[in-house]
Amino acid sequence: MHRRELLRMLAAGAALPALSTDMFAFFRGAHPAEGYALRTLNPRQNATVVAMIDQIIPETDTPGAKGARVNEFIDVILTEWANDTERKNFLEGLAGVDKRSNELFGKDFADAAPAQQLTLLRAMDEAAAFESIDRPPRPPAYEEAGRDKQLEGNFFSVFKNITLHGYYTSEIGFTQELKLEIIPGAQHGCIPRGPGLGDA
Amino acid sequence: MATANYDAIVIGSGITGGWAAKELTEKGLNTLVLEAGRSIVPERDYVEHVPVWELKHRGWDDRNERQRAQLIQRECYYACDEYSHQFFVNDQENPYSSDPGKHFSWIRGRQVGGKSITWGRQCYRWSDLDFEANSKEGIAIDWPIRYADIAPWYDYVEEFAGISGQPEGLPQLPDGKFLPPMEMTCVEQDLRAALAKNFDDRIVTIGRSAVLTRVHKGRAACHYCGVCHRGCITSSYFSSLNSTLPAAQKTGRLTMRPYSVVHSLVYDSKARRVSGVRVIDGQTKNPLEFKARIFFVCGSTLESTRILLNSATPEFPNGLANSSGELGHNLMDHHMGAGASGRMPGHEDKMPFGNRPNGIYIPRFRNVKSKHKDFVRGYGYQGGGSRAGWSRGRDMSGLGAEFKNALRMPGPWHLSLGGFGECLPNHNNYVEVDKEKLDAWGIPTLKIHCDWSENERAMSRDIGIQAAEILAAGGAKDIEVQRKMTPPGLAIHEMGTARMGRDPKTSVLNANNQAHDAKNLFMTDGACMVSSSCVNPSLTYMALTARACDFAVSAMKKNEL
């Protein structure tokens, strides 16, 4: 059900101000529109990013991070959010991925075979996990301790963090993958789990 | 200079200003509400249903802008964020100072509705354990009222506001007139059962919240989008904007004036009364003056006191209605920060549904039946238990389809508890005006001197330890204890600085929130508080406001004002 219809239904019998058709217009256009032009990532860097996010969150029965255009979110964050050090570290990290790919496979990461890409990323993932074994988990951005710190730390850990965040806060990630509703319409404390996060 | 006349002027349109506006207009008074900030148009300004993917930084916020303009406000991290930073003041326009190394977090909302848009909505009644504490312990001064004086007013405001909750029959946390309670999650139910079995002094109950669990007084039941602090187009939680101001509007006797930054009050020394309010227009910065018969100062604890401090006269060189010398003193806030969290095994086949805008509550158990050796008063816990979501993946190793499929499923259950502790009134915690430092409207700002005392520190240590014990009794694993106290102010339960009392020599306001020194002046926000209890104070402010309005209007009718 469309959320506005649901709201009308919920408010039946109660005084509800007329809902403007522009109710959701406030933030419209904020998300990178179709045809978003990259501002920080150059084509080669973007190709590396797209190949990496596609391996981390691939297409399954729902689109993956590539389908959700997480590379564009990454570009927005690098352009407007990152400070100079964070941006430099991120871009150096990307270059490092290509460098390693060339050493191992004789090709840029984006041109390597999917199995080669996976091998390289798994190695980086395990190294990052090993490195963070004594660290407390990275607090999310909505917690005070995590605010402003989402680009700090090991490159791969930062890359994975921004990929997951970009994916699960995208319309695809939120509605198709997690099957979440902005307006659940009811509250239950303890009910049998359905097949997905939002399915009760 | 423009002037206009009203029966009553209310300064501030938040929780207490909204109640004063409703009560005074419904009792027949033509009432002007002066609000420093802008108007709020729900259809335009509420953002609770804006999808996260329409935010430019997807919740990471525009950190550069926030650091520039709202460095202090964003300490209120649950609400001053990419969605709702617009409901908090600009710190550069609204400066103040605190002592080096003793930061006070002053969180403010200047708009029609004030902080009632972003408040936490928890509503608990005080008891005589609170009202009698100062007197029994010989701390500060006695409250001039007892539970019996305020109980009918709790009934009255609860009935209008709509508070959901579970009656528990505890003397230290009186039950109210509740709408049906929200449901506890699996692990919260476990904790409730475990405490019943393992402790005779503590229980878990569902939070008592000003969120409607059914249609109430023409307002729709909650639809569980879960982010009340961004607004609520169905008016399902209590805010002045959703509830009291529309009621006041309906009388036809309300004049709402946004962009009205109050500078000070005008005192008529012959009549010994307040005669008007000096206002700086928020947009044009022109000075204006408004007159009325009675004045309700409801601008939030420190803003209200600042107005009186800025209203000094030859009779009252240290601030209007300050013959006691107590104006500005005895600033309190609840201390937070200490608590614990842990993982709860089991219930893997179960989950909660809906975004419940509420948590659980463990009422005060210290110094209720027996005395604690290290501190007086007590604390309550707020918290909750739910399952981890996708964000746990950021610290999990793995990638690819298997990883993605794992994150589609909810993760382990966690329970967390955070304490809210009572703060003792202390004359040395005080505010004064700084005539050298002016805000964007040229009004002298506040210097805040405030720090926790040893009683709060000792209590905070106990909060962390007991939280861990409670979680352990509930079966939690991997328990982590938090010990760091938040700075004063950050609970946003600031209280005191114009306390009530029986004796004009030691208090600013009497038992009816009326200034001892100016009969037609009332203060009913947190400034009036004599002690701080450990429960959230807004419900008590509401009840005191309705009670003071009743007193004021009947006194006016008897020509006593």
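Which residue of S12(B) does Ile191(A) stand opposite? I began with this question, keeping in mind that the model is predicted, and I found that the residue opposite Ile191(A) is Met351(B).

I then looked up the strands themselves, and noted that S1(A) pairs with strand S12 of chain B, residues 350–353, in the antiparallel sense and over three bridges.

Next I turned to the whole contact between the chains, to which chain A gives 70 residues and chain B gives 56 residues.

For chain A as a whole, I recorded seven helices and one strand, and from the N terminus on I read their order as α-α-α-α-α-α-α-β. Chain A has 200 residues, of which 36% count as buried. I also looked at contacts in chain A between residues at least 6 apart in sequence, and 55% of these join residues at least 24 apart.

Last, I examined a pair of helices within chain A. The axes of H3(A) and H6(A) come within 9 Å and cross at roughly 115°, and the crossing is right-handed. Here I saw Val70(A), Phe73(A), Ile74(A) and Ile77(A) of H3(A) meeting Ile162(A), Thr163(A), Gly166(A) and Tyr167(A) of H6(A). By class, I noted six nonpolar and two polar residues in this contact of H3(A) with H6(A), and no charged ones.

Terms used:
Residues numbered from 1 in each chain as written. Chains lettered and ligands numbered in written order. Predicted model: local features only at pLDDT ≥ 70, side-chain atom pairs only at ≥ 80, totals over all residues. Contact = placed C-beta atoms within 7 Å. Pairing = 2+ DSSP bridges. Helix = DSSP H or I, 4+ residues; strand = E, 2+ residues; numbered from the N terminus. Axes fitted to C-alpha atoms, helices over the stretch in contact; angles between N-to-C directions. Left-handed = near helix turned anticlockwise from the far one by under 90°. Nonpolar A, V, L, I, M, F, W, Y, C, P; charged D, E, K, R; others polar. Buried ≥ 20, exposed ≤ 12 C-beta atoms within 10 Å, placed from the backbone.
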